[in-house]
Amino acid sequence: MQNKCLHILIIYCVTFALFCQKIKSQGYQKSIIFDHYGPAQGFQSSQALSIAKALNGFVWIGTEQGLVRYDGHQFKSYRADPLKPDALSSNYISQMAEDKHGRLWLATLPYLNIFDPKSSKAQKVDFKHSDSLQEEVKVYAFKYIEKNDVMWMGTNQGLLYSQGKDVKLNKEYISGLEGIDDFNAIQIDDQGIFWLSNTYGLHRYDPISCQVKTFHRPGENAELHDDDGFMSSYLDDLGLLWLGTWGYGLIRFDTHTYESTPFTFADPKKINNGVMAVSASFIPGEEDLLWLGTTDGIKTFSKKNEIFYSYSTEDLIDIHGVAGAGFCFQPTPSEGMWIGSYKGLHRYDANKQNIKEVPIRLAKGVKDWRISDLCFESSGIKDSIVWFTIPYVGIFRFDIVNNKSMEIPNELKKYCAQGIDPYTIFIDSQEVLWLSTIKYGLIGYDLKKHSIIIPKYEGINKEKPKVIKIVEDRDGHIWLGSLNGLYLYNKAENLIDPVKEINTYFEKNNILPYVTKFASDSKGKIWMAARFANKEGETIYSFNPLNKKMVSYSSVDYKQLKVLSKIEGIESFGTNRILITAASGFCTVNTKSDSVSFTMFDTYNDKPLGTYKKVVIDGNGQAWMGTDFGITCLNPTNHSLTNYTYYNSSIGNLPRPDIAFSKKSNTIYIGQDQAINVIELNKIKTADAGKLILSNLTISNYTVTSMPISGDIIHLSHHQNTLTLEFTNLNYTNSQENRYRYKIGTESDVWINMDGNKLIFDNIGYGNYTLKVEAENSFGLKSANKFVLFINIAPPFWRTWWFNGLIIGIISFFIYSIFKYRDIQRQKLDKLRHTLARDLHDDMGSTLSHIRMMSEREAMRKEANQSFKTIADKTAEIMISMTEIIWSISPKNDSLNHIVGKIQEFAIDTLEPMDIIVHFDIIDIPHHIKLNPEDRRHFYLIFKEAINNTAKYSKADNAYFSFKIENRKMITTFRDDGHGFDPMMIKRGNGLKNMENRALALHAELNIKTDENGTYISLHL
């Protein structure tokens, strides 16, 4: 029988079943809620054909639209692509199994594929054998034996297997089953015996002796060769083989005695009793159950009671059932049972079955009612007898263990009857039941003595207060909150006493006397919420019964009270704390010191909180609060919130239900519409903290070939700086409430809440980053590990050290080349100057000397012409000028030392013959200070002119020349003690003008001062 035809037949039968009248099941073993995954959750396939929970924690689903991976947050699809040789060869994946190497073996009809999740690549496997007419392998069943690392396959070519990491298909030849292939299910018992089932029967195959024995279902038509119709099987620990048939229900086959027992869940003549999948449950307490995927939906079968229980529904969003025919199961110890059906993917989560329901059946005529003010009598080991009110109706007594109404004592009946309009009831520590009603006011009933207590009231108006809330403090005092103030029950005098200090305070300060939200703390103080008659917002008050002191905490001084808006309840929260619930969240009040502090909770994980009302505190100090969608548990240790709503649990759908806590049984009770929800805290199941991993990574301009694990380093270039990271703690219970936070940097950096499980870094700068992520599941449990990822983003090449070094090198080489070029040019110029000076000295000097000598010789003759003497004198002057020119041209005289020395020589040669004493004050001039030829000439001629003027006009006795360096400036001065000159009275010659022009060319400051005491010249260069 070909698998494709089989699935067509399944769809036909399912469609037929939808039009058939459903046969009611014989009852429910227990109420179960299921998670459903469809398009709204990201699962886009209409059918889940096969499921495998992988070793790495991911859930893999085979669908008619490809392979799908689920990490608790996102569904990721892998599809066939004819253009990619390493993609899946088909999108229709009917069977799946994982080996210990982490590979997925897929029946991707009509081929066998092996998929590697690490590389996301698939390998198509053909079977090439001498007796095979075709290479393609159609797999109908997998069975993996981890101990021997063998994957067994029931295929269109018989029983095949592959052993070890290397994939090689081998055929197991079974004598006696020639021509009978297409095994739909494979089981191997402890003795190594194969139990192979198909439409031709159940076959026992002993691979040691090679013996085969075939069994048929009871009632099999011998005339039909394939009338057995065995579709699925499960072998339990007792050696019982449970066989699912195509149309004849479930068959129990004893592998020891070979006895068969059939079970049908409906009339086979009306409905097809097809069982396509059989699985045991790994959930503790369900060892007796088998889960069945049938053509009539999901069912369980009690092996002990031999009863079927149906969890089938036609409503796709019904959390108490599963829609569609059942295809497959994947039981897991951590998250329960994964279920694949004709209508998608589903899950039975044991961690979400913590809430039981006790239906309350009352007398006829009582309907559309909600249960409030739950309180239990203390008699008995268990919480059995409960009292509760139905608002606007009456007070009732019920036995929740035996699920029946209890008789109310005769003397109390009139106070509980319908029409009394109850406010509240309360059982105190002395087993006195207090009842407050509109009709009779406050009365008590001693449950031990069976006597009525009618308290007295001696108020001014003689009208008993309308008691809305009753609180017993640590000392056993009974406080009564009413619409007209706070009262205290005086047990000794059986009297209701007003608390005058509070009531008077309210009256004087124009505060409304509605004391209906109050609590007594661990120190005996009373905390209340009250409102001014002419103002919005509520104020919190504390009252100390010992010193009668009232303290107010207004929204003006405490902004948290302004945020709270409308206060709904107050409760003592452990030691030194008060919990206040409101329409926009809740807050805790630390009362340890006189200066109290408020901590506001209007958001959680950056998401706004709704309305919280009734509060109870359990034995572990956790606060349970009624909400719009169920109840919320606040853990005071880590401030985590766990929500139990009618979306994720079996709690009733009553908004803001009444809650009670039984210390005796450590149980939370929740009032619902005609029912009570029960949470046994000692038996509550919570999901494991989970392991935090990186489930998906996308990097711009980068192909991620393998997913990094915690502690890895990823090296990226500067343009690969946009990253999208998706994390999961592999916790599937209420996974939408899993919380993640991160920090990137040092340990001192603060943790930042993530929006869901996704983290996006957009265009981050280059550098080395340390990313740390931690997770917390919906029960407030932190993952055992923190995920750490080191991200190294390289800078662009123009920001690298080698590039900067290269640029610096190029610039340095360029600057060096400029200076080197200038130095070469300077050397060439120096060489030219040296050549000119040499040539002038050698050629011109010798020629002029010769002319002078000849002229002087001729001038010495008696008859000589006077012109010869003139020529000799002029030649001498020219030689002197030429000597100065040669001196200025020669590069060896560039040093400032030579220049100053030249001036000293000239001063001595010029002034001392005229009896003018020359004084020098010259510092040691550094040899590296040089002047270019032009500046040197200007510097020298300025002071030559000054010396000449002193010699010609000053009639001085002394001359002074000094040179020094101050503040990186050269200061040169020359002065004499002559009679000076008046520059305004004499005609200025070229000498002074030339001095000024030369100073200007030097970019120097020239100062000339003259008076009757002499002349002073200074040059600042």
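**Strand pairing, helix packing and a salt bridge**

Modeller: Strand S65 is joined to strand S66 (residues 752-753) by two bridges, and the two run antiparallel. Everything here refers to a predicted model. As background, strands of a sheet pair through backbone hydrogen bonds, in a parallel or an antiparallel arrangement. Side chains along a regular strand alternate between the two faces of the sheet.

A further antiparallel pair is formed by strand S24 (residues 297-302) and strand S25 (residues 307-310), with four bridges between them. Lys-299 has Ser-310 in S25 as its bridge partner. Four residues separate the strands of this hairpin, and Glu-306 has a positive phi near 55°.

For a whole sheet, take the open one of four strands, ordered S10-S11-S12-S13 with antiparallel pairing. Its edges are strand S10 (139-145) and strand S13 (170-172), each of which pairs on one side only. On average, and with direction ignored, neighbouring strands in this sheet are turned by 30° against each other. S10 pairs with strand S11 (residues 150-155) through six antiparallel bridges. One of the pairings here sets Ile-145 against Val-150 in S11.

Now to the helices. Helix H7 (residues 896-911) and helix H8 (residues 933-954) have axes that come within 10 Å and cross at roughly 15°. An angle under 35 degrees counts as roughly parallel, and H7 and H8 are therefore roughly parallel to each other. Their crossing is right-handed. From H7 the contact takes in Leu-896, Ile-899, Lys-902, Ile-903, Phe-906, Ala-907, Thr-910 and Leu-911, which meet residues of H8 including Phe-939, Tyr-940, Phe-943 and Ile-947. By class, the residues of this contact are eleven nonpolar, three polar and three charged.

H8 also packs against helix H9 (residues 990-1001), at an angle of about 150° and with the axes 9 Å apart. Angles over 145 degrees count as roughly antiparallel, so H8 and H9 are roughly antiparallel to each other. H8 passes H9 in a left-handed crossing. On the H8 side, Asp-935, His-938, Leu-941, Ile-942, Glu-945 and Ala-946 take part, and they meet Gly-991, Met-995, Arg-998, Ala-999 and Ala-1001 of H9. This contact divides into six nonpolar, two polar and three charged residues.

That leaves the charged contacts. In general, side chains of opposite charge can pair when their charged atoms come close. With a cut-off of 4 Å between a side-chain nitrogen of Lys or Arg and a carboxyl oxygen of Asp or Glu, the count comes to 25 salt bridges. One of them is between Asp-35 and Lys-352, whose closest N and O atoms are 2.5 Å apart. Asp-35 belongs to strand S1 (residues 34-37), while Lys-352 sits in the loop between strand S30 (344-348) and strand S31 (355-359), so the pair ties together parts that are 317 residues apart in sequence.

Conventions:
Residues numbered from 1 in each chain as written. Predicted model: local features only at pLDDT ≥ 70, side-chain atom pairs only at ≥ 80, totals over all residues. Heavy atoms only, no water. Pairing = 2+ DSSP bridges. Axes fitted to C-alpha atoms, helices over the stretch in contact; angles between N-to-C directions. Parallel < 35°, antiparallel > 145°, perpendicular 65-115°, else oblique. Left-handed = near helix turned anticlockwise from the far one by under 90°. Contact = heavy atoms within 4.5 Å. Nonpolar A, V, L, I, M, F, W, Y, C, P; charged D, E, K, R; others polar.
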